[in-house]
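This report looks at how two chains are folded and how they meet. Please keep the sequence and the structure in view while reading.

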Amino acid sequence: MTEFTPILSLIGGILIGLSAAGGFLLFGRVMGISGIIARTLNFDFGEVAWRPMFLLGLIGVPLILSLVAPSPHGFEAPTLPALLLGGFLVGYGSRMGSGCTSGHGICGMARLSKRSIVAVCVFMTTAFVTVFVTRHLLGGVL
Amino acid sequence: MSSVVALILGGIFGGGLYYAGMTNPQKILNFLDVAGAWDPSLVFVMGGGIPVAAIGYYLVTKRQAPVLFADIQIPTQGLIDRPLLLGSAIFGIGWGIAGMCPGPAFAAVLLEPQAIIGYLVALVLGSLAYERLHR
């Protein structure tokens, strides 16, 4: 059970949008996390190594915020098998599909990219079905 | 200058995910669980993020080049191909299993390292596995 948090989630969404907007306007790049990770792993850091710097901010700032102004959302860890299986499929699928929730979901939708709209419809559908199967048909096996 | 901007953009992104609640995998899973204790918060994350991102995109399309870099590198091909469909389908299954996608996993890794490091290792392996098999 998690609480419905429309205002906090809207504020968080606007911040994510600001970052994506900054990526478009200042860098002319898509702030898609799976792409940034993949290129960083290939040592393609980009101009002024902006990709590792972006990841550093992404990793570091939530820690600082959790110390000075913690969010009320908490954290409930999934099981280890769910983390490992989910992580592998997310990594594989996001490379094959050229994007994830940030690159397709926020940046691509903002551009009204046909590919991204299709990608979001597909991954939302399989995610809804997966949760229905694991939680309701299999009774939370994962 | 640009590297400081990148650090700030990453920080804003991470702060947004953190306050939006996306760093709690249960919040994602509950969004995806329409038949259970549905938590529609993620709709508000998308609703806040997409229009603001669209303003940035609109502004850069009016320019010859982005403010800090020499050229615009934003994909323009609109081809709906098999890898896009299959890859997105696989991504969605993984997202529904773990309740986490790449951005929130990075944003939460220092907050909950014992849970998230395993996920990130698996994510990197999945990413490398695709590149090995297909490139």
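Predicted model: local features only at pLDDT ≥ 70, side-chain atom pairs only at ≥ 80, totals over all residues.

## Chain A as a whole

The secondary structure of chain A consists of six helices and zero strands, which gives the pattern α-α-α-α-α-α when chain A is read along its sequence. Along the principal axes, the C-alpha atoms of chain A fill a box of roughly 50 × 40 × 30 Å.

Chain A has 142 residues, of which 61% count as buried.

## Loop residues of chain A

The residue in the opening question, A:V48, is found in the loop between α2 (33-41) and α3 (50-68) of chain A, and A:V48 has a positive phi of about 45° although it is not a glycine. A:S98, which lies in the loop between α4 and α5 of chain A, has a positive phi of about 55° and is likewise not a glycine. A:S98 has 22 C-beta neighbours inside 10 Å and therefore counts as buried.

A:G99 also has its place in the loop between α4 and α5 (101-110) of chain A. A:G99 is buried, because 31 other C-beta atoms lie within 10 Å. When its neighbours within four places in sequence are left aside, the residues in contact with A:G99 include A:G32, A:S34, A:H104 and A:A119. The C-alpha atoms of A:G99 and A:L85, which are 14 residues apart along the chain, are separated by 18 Å.

## Where chain B meets chain A

In the contact between the two chains, 103 residues of chain B touch 103 residues of chain A. The elements of chain B that give two or more residues to this side are α1 (2-20), α2 (25-31), α3 (41-61), α4 (82-98), α5 (102-108) and α6 (113-134). The largest share, 18 residues, comes from α1(B). Sorted by class, the side of chain B that touches chain A has 67 nonpolar, 30 polar and six charged residues.

Helix α1(B) is mostly covered, with 15 of its 19 residues buried. At 1.5 Å a residue, the 19 residues of α1(B) should span 27 Å, and this agrees with its end C-alpha atoms, which are 27 Å apart. Just after α1(B) comes B:G21, which takes a positive phi of about 90°.

## Helix α4 of chain A and its partners

Helix α4 (residues 80-96) of chain A packs with α4(B) at an angle of about 160°, and their axes are 7 Å apart. Because angles over 145 degrees count as roughly antiparallel, α4(A) is roughly antiparallel to α4(B). The crossing of α4(A) and α4(B) is left-handed, and the residues of their contact divide into 16 nonpolar, seven polar and one charged.

A further partner of α4(A) is α6(B), where the two helices pack at an angle of about 35° with their axes 7 Å apart. The crossing of α4(A) and α6(B) is right-handed, and the residues of this contact comprise 17 nonpolar, six polar and two charged.

Definitions and conventions:
Residues numbered from 1 in each chain as written. Chains lettered and ligands numbered in written order. Contact = placed C-beta atoms within 7 Å. Helix = DSSP H or I, 4+ residues; strand = E, 2+ residues; numbered from the N terminus. Nonpolar A, V, L, I, M, F, W, Y, C, P; charged D, E, K, R; others polar. Buried ≥ 20, exposed ≤ 12 C-beta atoms within 10 Å, placed from the backbone. Axes fitted to C-alpha atoms, helices over the stretch in contact; angles between N-to-C directions. Parallel < 35°, antiparallel > 145°, perpendicular 65-115°, else oblique. Left-handed = near helix turned anticlockwise from the far one by under 90°. Expected span 1.5 Å × (residues − 1).
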